[in-house]
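Please look over the sequence and the model shown below before reading on. The briefing that follows takes up the sheets, the helix packing and the nonpolar cores in turn.

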Amino acid sequence: MRACMPRSLMPIVAVALVLAVAWPARAATPACEPPNVLILLDVSGSMNAADKPDGKYAAAIAAIDAVVGAFDDAVRFGLMVFPDPDEGAGYCGVTTTLAVPPALHAGDAVRAFLFPDGIAFFGGPQAHFDTPMKQALDAVGTLDALRDPSRASHVLLVTDGMQDCCRKGDYDGDPDCLPGRGTLDPVEAAENRADLADAVARLAGRGLGVFVVGFGRGVDAPALNGMAVAAGTARDGCDPDGTDPAAPDACFHPAGTSGELLDALSAIVAVVGEEVCNGLDDDCDGAIDEGLEIPCEGACGRHARRCVDGAYGPCEPVGPPAICLPNRD
C-alpha cells in the first residue's frame with residue numbers, strides 16, 4: 001500500500017508533476033537514451049527511525065517517492081543506501097548490490113524498499129548506523145549499471161550529516177573520533193572532506209554527474225560545498241568557502257524541510273537531461289560535451305579544465321591572453 005502524502009507536500013508535488021509533463025521528448029538514438037539517476041540515500045542513525053513520523057527519514061522518503069513518481073517515465077531511477085544494513089551489521093558497511101537497479105517506472109520498487117509497509121522494506125535507519133559517505137561514493141564508481149555507454153548517468157546524493165565512521169568500518173586507519181569520545185577529530189574531519197571531494201572528482205572524471213543535497217541543519221557544509229564544486233554541479237553564484245549549512249549561497253542544494261527537499265530533488269532531476277562530460281549528446285542538440293569546463297587555480301588569468309572526449313583535461317588558461325603585471329611589493 002502506498003503511504004499517504006502529507007498535505008504540506010502536495011503543492012510541491014504538483015510543481016514536480018508539471019516539470020515532468022514539460023520534460024522534452026528524447027530521440028530514440030544511442031546518444032539520447034533516458035538517463036540513469038542513482039539516488040544515493042544516507043540512512044545513518046541521525047536520519048531517525050522509520051517509525052518516527054516527524055523524523056528526517058519519513059520526510060526524505062516522502063520527497064523521494066514524489067519525485068520518482070513524477071519523473072519515472074523519463075528517467076531511469078535507481079536506489080542505493082548507506083550504510084548497507086546487510087554489510088557488517090550496518091555501522092559503516094557498504095555494498096555494490098543496488099537496492100533498486102536503474103530502470104524506467106522504478107517507483108514501486110523504490111517504495112517497496114524504503115517504506116515501512118513495503119514488501120522489501122530494509123528496516124530503516126538504526127541508532128548504530130554511521131555515515132560512510134566516502135565508501136559509498138567509491139562503491140558507486142565500480143557499478144556496471146552506471147557504465148552504459150549509450151546513456152548519461154548521474155548520482156543524486158542525499159545526506160543529513162558528515163563522513164563519520166567512529167564505531168567501526170572506516171576507510172583508513174585513522175580514527176574519525178577523538179579517543180574515548182563520540183566527537184569527530186577536527187584533523188581527521190578535514191582529511192575526510194578532502195577525500196570526499198577527491199572521490200566525487202573521480203566520478204566526475206568518468207562522466208558521472210554528481211548532485212549533492214544536504215538535508216537538515218546538521219550537514220557538514222564545507223564538505224558538501226567542496227563535493228559540489230569538485231563535481232562541477234555547484235549552484236550558480238555559490239560560496240565554495242561557506243560554512244553555514246542553511247546559507248542561501250551554498251554550492252550544494254540545502255533543504256531543511258520536506259517541501260524544500262522535494263523542491264531540490266525536482267529541480268535537479270529536471271535538468272539531468274543537460275549536457276555533462278561523458279562523450280554523449282545528453283541534451284540531444286547534435287553536439288557532444290560542448291562548452292563544459294571546471295574552473296581551477298592558475299598562475300595568471302582564468303584557468304579551467306575543459307571537457308574533451310568525455311573527460312576533463314588538465315588545468316590550462318582559457319579565454320583571451322591575460323596581461324600579468326609583476327608584483328612590486
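**Briefing on the predicted model**

Six strands make up an open sheet in the order β3-β2-β1-β4-β5-β6, and their pairing is mixed. The model is predicted, so that local features need pLDDT of at least 70 and side-chain atom pairs count only at pLDDT 80 or more, while totals for chains, interfaces and linings use all residues. Residues are numbered from 1 along each chain as its sequence is written, and side-chain values use heavy atoms, with hydrogens and water left out.

**The six-stranded sheet**

- The edge strands, β3 (100-103) and β6 (253-255), each pair on one side only, where pairing requires that DSSP finds at least two bridges between two strands.
- Helices (H or I, at least four residues) and strands (E, at least two) are DSSP runs, numbered from the N terminus.
- On average, neighbouring strands of this sheet are turned by 20° against each other, direction ignored; axes are lines fitted to C-alpha atoms, for helices over the stretch in contact, and angles run from 0 to 180 degrees between N-to-C directions.
- β1 and β4 run parallel and are joined by six bridges, and within this pair Leu 38 has Val 155 of β4 as its bridge partner.
- Helix α3 packs on the sheet and touches β1, β2 and β3, its direction making about 15° with that of β2; contact here means heavy atoms within 4.5 Å.

- Four bridges pair β7 with β8 (residues 303-308) in the antiparallel sense, and Ile 294 stands opposite Arg 305 in β8.

- Helix α7 (residues 258-269) has twelve residues and spans 17 Å from its first C-alpha to its last, close to the expected 16 Å, the expected span being 1.5 Å times one less than the number of residues.
- The buried residues of α7 include Gly 259, Leu 261, Leu 262, Leu 265 and Val 269, where buried means under 20% relative accessible area, exposed over 50% and partly exposed in between (1.4 Å probe, protein chains only).
- α2 and α7 pack at an angle of about 35° with their axes 9 Å apart, and the contact is made by residues including Ala 59, Ala 63 and Phe 71 of α2 and Ser 258, Leu 261 and Leu 265 of α7.
- Ala 62 lies in helix α2 and counts as buried because its relative accessibility is 9%.
- Although Ala 62 and Gly 259 are 197 residues apart along the chain, their C-alpha atoms are separated by 9.6 Å.

**Nonpolar cores**

- The largest nonpolar core has 41 residues, of which Leu 41, Phe 77, Leu 79, Leu 114, Leu 261 and Leu 265 touch the most other members; such a core is a set of buried Ala, Val, Leu, Ile, Met, Phe, Trp, Tyr and Cys residues joined through side-chain atoms within 4.5 Å.
- Elements that each supply at least two residues of this core include β1 (36-42), α2 (56-71), β2 (76-82) and α7, and the largest share, eleven residues, comes from α2.
- Apart from this core lies another, of 34 residues, among them Phe 82, Leu 157, Leu 196 and Ala 230.
- Leu 41 touches Ile 64, Leu 79, Met 80, Val 81, Phe 82, Leu 114 and Val 158, not counting residues up to four places away in sequence.
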